[in-house]
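Subject: Structure handover

Hi,

Here is the structure we talked about. Please open it alongside this note.

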Amino acid sequence: MSSDTLAKAPAAPDIPERADVLRIVPQRRYGQWVAAAAVLVLLGLAIDSVVRNKAFQWDVVADYFTSDSVLRGLWLTLWLTAVVMVLGFALGTLLAAFRLSANPVLRTVSWGYVWLFRSIPILVQLLLWFNIGALYPRVLGVRTVDLLSPVAVAIVGLTLHEAAYAAEVVRGGILSVDRGQIEAANALGLSRWRRWRRIVLPQAMRAIVPPAGNMLMGTLKGTSIVSVIAVNDLLFSAQLIYHQTYQVIPLLMVATLWYTVVTSVLGIGQYYVEKHYARGTETAR
């Protein structure tokens with residue numbers, strides 16, 4: 001190309017040396033701001049109505065919130081939740097192992113158990129166990145009514161119910177582990193126990209912990225159903241008080257606040273457990 005051609009070529013437009021001179025105007029979303037303001041106004045009105053409504057009798061709520069009978073009921077609720085979760089996941093893990101077994105009998109038994117106990121409402125199960133003496137008056141020479149107290153009935157009924165759901169949670173967690181990880185562990189010559197402890201379980205826990213945490217909170221709240229068989233849990237303790245004082249709403253608020261406090265604490269614990277097992281993944285960053 002000649003020098004004359006280069007001289008006649010149009011000059012290139014001036015390009016800003018700094019990119020920050022370009023002003024980027026974000027899109028204005030007036031509808032979202034209006035909706036957010038409306039939600040805040042409605043939330044404020046709801047809170048104001050709750051706080052200022054004398055029917056809630058917040059002074060009564062404060063008096064009974066830490067009363068001995070309520071705290072005893074709370075302790076039984078926490079204890080029952082812990083026992084049911086431990087036993088339920090122990091049985092659920094066994095059922096999950098059966099479901100993943102190559103033995104068709106074990107797979108069928110596990111599938112049948114999960115199908116049956118997920119089909120029957122928990123209230124019906126509790127009432128059936130509570131009246132089991134009508135079917136089996138004696139077990140091993142002992143009267144059934146003496147063998148199964150209301151608390152024992154609650155543990156049996158809730159554990160069998162939770163185990164069906166825990167089995168699916170554990171099975172889903174194990175299936176979420178890439179098959180190549182297990183094959184690599186086999187190639188390294190790791191024993192079965194070490195393979196499960198070091199390879200499979202840590203990765204499966206990332207998928208198990210979130211639904212297990214939801215199950216824990218659901219079990220905590222679900223224990224309130226044992227009040228129908230006269231187990232002195234948190235809700236039943238509140239009911240005993242308001243049957244005497246006729247202060248129904250304040251005592252129900254006492255139970256509601258305690259359930260809210262405990263589930264909030266469990267939610268915080270679940271967050272840190274999830275964060276622990278998510279180390280090394282994108283979600284942990």
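Below are the findings on pockets and on one helix pair.

Please bear in mind that this is a predicted model.

Largest pocket. It holds about 850 Å³ of space. Its lining counts 33 residues, and Val170, Ile174, Trp196, Leu201 and Ala204 lie closest to the centre. Five helices each give at least two lining residues: H4 (68–99), H8 (150–175), H9 (179–187), H10 (192–222) and H12 (248–277). H10 has the largest share, with 14 residues. By class, the lining splits into 23 nonpolar, five polar and five charged residues.

Second largest pocket. The volume here is about 160 Å³. The lining is made up of Phe117, Ile120, Gln125, Leu128, Trp129, Ile132 and Leu135. Helix H6 (residues 122–130) gives the largest share, three residues. Six of the lining residues are nonpolar and one is polar; none is charged.

Helix pair H5 and H8. Helix H5 spans residues 104–119, and its axis comes within 9 Å of the H8 axis. The two cross at roughly 125°. On the H5 side, the contact uses Tyr113, Val114, Phe117 and Arg118. H8 answers with Leu160, His161, Ala163, Ala164, Tyr165, Ala167 and Glu168. The contact has eight nonpolar, one polar and two charged residues.

Best wishes

Technical notes
Residues numbered from 1 in each chain as written. Predicted model: local features only at pLDDT ≥ 70, side-chain atom pairs only at ≥ 80, totals over all residues. Heavy atoms only, no water. 1 Å grid on protein atoms, 1.4 Å probe; cavity = no way out; pocket = protein on both sides within 12 Å on 5 of 7 lines; lining within 4 Å. Points joined across faces, edges and corners; volume = space filled by probe spheres on them. Helix = DSSP H or I, 4+ residues; strand = E, 2+ residues; numbered from the N terminus. Nonpolar A, V, L, I, M, F, W, Y, C, P; charged D, E, K, R; others polar. Axes fitted to C-alpha atoms, helices over the stretch in contact; angles between N-to-C directions. Contact = heavy atoms within 4.5 Å.
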